[in-house]
Amino acid sequence: MSRVYNFAAGPAVLPEEVLREAADEMLDYRGCGMSVMEMSHRSKVFDDIIKEAEKDLREVMGIPDNYKVLFLQGGASQQFAAVPMNLMKNRKAGYVVTGQWAKKAFQEAKIYGEAVELASSADETFSYIPDCSDLPITDDMDYVYITENNTIYGTKYHTLPNTKGKTLVADVSSCFLSEPVDVTKYGVIYGGVQKNIGPAGVVIVIAREDLITDDVLPGTPTMLKWKIQADNDSLYNTPPCYGIYICGKVFKWLKNMGGLEEMKRRNEKKAKILYDYLDESKMFKGTVRKEDRSLMNVPFITGDADLDAKFVKEAEAAGFVNLKGHRTVGGMRASIYNAMPYEGVEKLIEFMKAFEKNN
């Protein structure tokens, strides 16, 4: 069975060599006589796995020493609640709403305090990033929250908001490790790993130490207290061990590939050929304002729902799977994360050209 080109938004394509390595170690991890799936999270062997994963992630991202790295469960969506629970000291925060996930995080925050919509791109179906150079941020806001790359709508902040000195919190689920990042510009960066890093079931939270305190909202569950998780090195309870192990392998793969500078170069090259084709095509067109386009998620349409459906069906038969757009927007979406090879995008474009000619 040959592997398909998987354009899914998440869970998504993983590097083939990582999967092969994991397959080789499935029954016996490095001579310990068992699989990582079976071993105790308190064992020396697993302790080495999680510590090495953190060390490699710190190296790849350039994470400063005054930031904690937490490997948690519950996906990014659970952090929609954990963020206000841990940070909303004044019970007030600002949110920029640029898509479905930003909107969900905003709604969740309203449960815990006054969440203020600072800006939104809902007026044009989230097809752009609003101007964030002078947001109506007030002194009593605890933080400013963004979803940096919008998986469903294919937009990305290319300039971070001016937070007027307030802590920036960013959900980076779908652009995690796709390009170099200055961690010091954020108070908290977090994301689910199932798009660009590993299997579903792990969320990584990178938070500045001064933001991790015992001073959390009353009623915050123990499992959602960042301080408990940090004090226990992400081992307060059984973590998603196998998922963390795969993430660790992906960090090594990234290092071997040349790090985030090289990833950015590759990702820009892949995205450019796809966007260039969409810009010249008579049949297909991209849906996002040019200056706000994502390198990771590329939504496009023909303008005819029946033709869209036909394209998705024929593409799947030809080995290009998961190209159907999110149910809230329709059309198509190609997610071209780090592990999608350049040739996968090239072949998709060849297929799109042939489809355009025949239809």
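In strand β5, tyrosine 145 is the bridge partner of tyrosine 95. The model in which this pair is found is a predicted one. Strand β5 itself covers residues 143-147, and five of its five residues are buried, so that the strand is mostly covered. In a regular strand the side chains alternate between the two faces of the sheet. In β5, Tyr143, Tyr145 and Thr147 point one way while Val144 and Ile146 point the other way, and all are buried.

β5 also pairs with strand β8 (residues 167-171), in the parallel sense and over five bridges. Here the bridge partner of tyrosine 143 is threonine 167 in β8.

These strands belong to an open sheet of seven strands, in the order β2-β10-β9-β8-β5-β3-β4, and the pairing in this sheet is mixed. At the edges stand β2 and β4 (114-120); each has a single partner strand, so one side of each has no neighbour in the sheet. Direction ignored, neighbouring strands of this sheet are turned against each other by 20° on average.

Elsewhere in the order comes β10 (residues 203-208). Six of its six residues are buried, so β10 is largely enclosed by the rest of the structure. Val203, Val205 and Ala207 point one way from β10, and Ile204, Ile206 and Arg208 point the other way; all are buried. β10 runs antiparallel to strand β2 (residues 67-72), and six bridges join the two. Valine 69 is found opposite isoleucine 206 of β10. Strand β9 (residues 188-192) is likewise antiparallel to β10, and the two are joined by five bridges. Across β2, β9 and β10 lies helix α2 (residues 44-61), which runs at about 130° to β2.

The next part to consider is another sheet. It is open and has three strands in the order β11-β12-β14, with antiparallel pairing. β11 (285-286) and β14 are its edge strands, and each has a single partner strand, so one side of each is left without a neighbour in the sheet. The antiparallel pairing of β11 and β12 extends over two bridges. Glycine 286 stands opposite phenylalanine 300 in β12. Helix α7 (residues 259-280) lies across β11, β12 and β14, and runs at about 15° to β12.

Helix α8 (residues 305-317) comes next. At 1.5 Å a residue its 13 residues should span 18 Å, and the end C-alpha atoms are 19 Å apart, which agrees. At the start of α8, the backbone nitrogen of aspartate 306 has a side-chain oxygen of aspartate 304 within 2.8 Å. After α8 comes glycine 319, with a positive phi near 95°.

Which residues of α8 are buried? They are Leu307, Asp308, Phe311, Val312 and Ala315. Around the axis these residues cover an arc of only 140°, which puts them on the same side of α8. An α-helix has 3.6 residues a turn, so residues three or four places apart point the same way. The other side of α8 holds Asp306, Lys313 and Ala317, which are exposed. The cover over the buried residues of α8 includes β12 (297-301), β13 (320-321), β14 (332-335) and α9 (342-358).

Between β14 and α9 is a loop that contains alanine 339. Is alanine 339 buried or exposed? Its relative accessibility is 15%, and because buried means under 20%, alanine 339 counts as buried. Apart from neighbours within four places in sequence, alanine 339 is in contact with Val13, Leu14, Pro15 and Trp253. Alanine 339 and proline 299 are 40 residues apart in sequence, and their C-alpha atoms are 18 Å apart in space.

Note on methods. Residues are numbered from 1 along each chain as its sequence is written. This is a predicted model: local features need pLDDT of at least 70, side-chain atom pairs count only at pLDDT 80 or more; totals for chains, interfaces and linings use all residues. Side-chain values use heavy atoms; hydrogens and water are left out. Helices (H or I, at least four residues) and strands (E, at least two) are DSSP runs, numbered from the N terminus. The expected span of a helix is 1.5 Å times one less than its number of residues. Buried means under 20% relative accessible area, exposed over 50%, partly exposed in between (1.4 Å probe, protein chains only). The arc is that of the directions from the helix axis to the C-beta atoms. Contact means heavy atoms within 4.5 Å. A polar contact is a pair of N or O atoms within 3.5 Å; within protein, one must be able to donate a hydrogen and the other to accept it, and residues adjacent in sequence count only if both atoms are side-chain atoms. Two strands pair if DSSP finds at least two bridges between them. Axes are lines fitted to C-alpha atoms, for helices over the stretch in contact, and angles run from 0 to 180 degrees between N-to-C directions.
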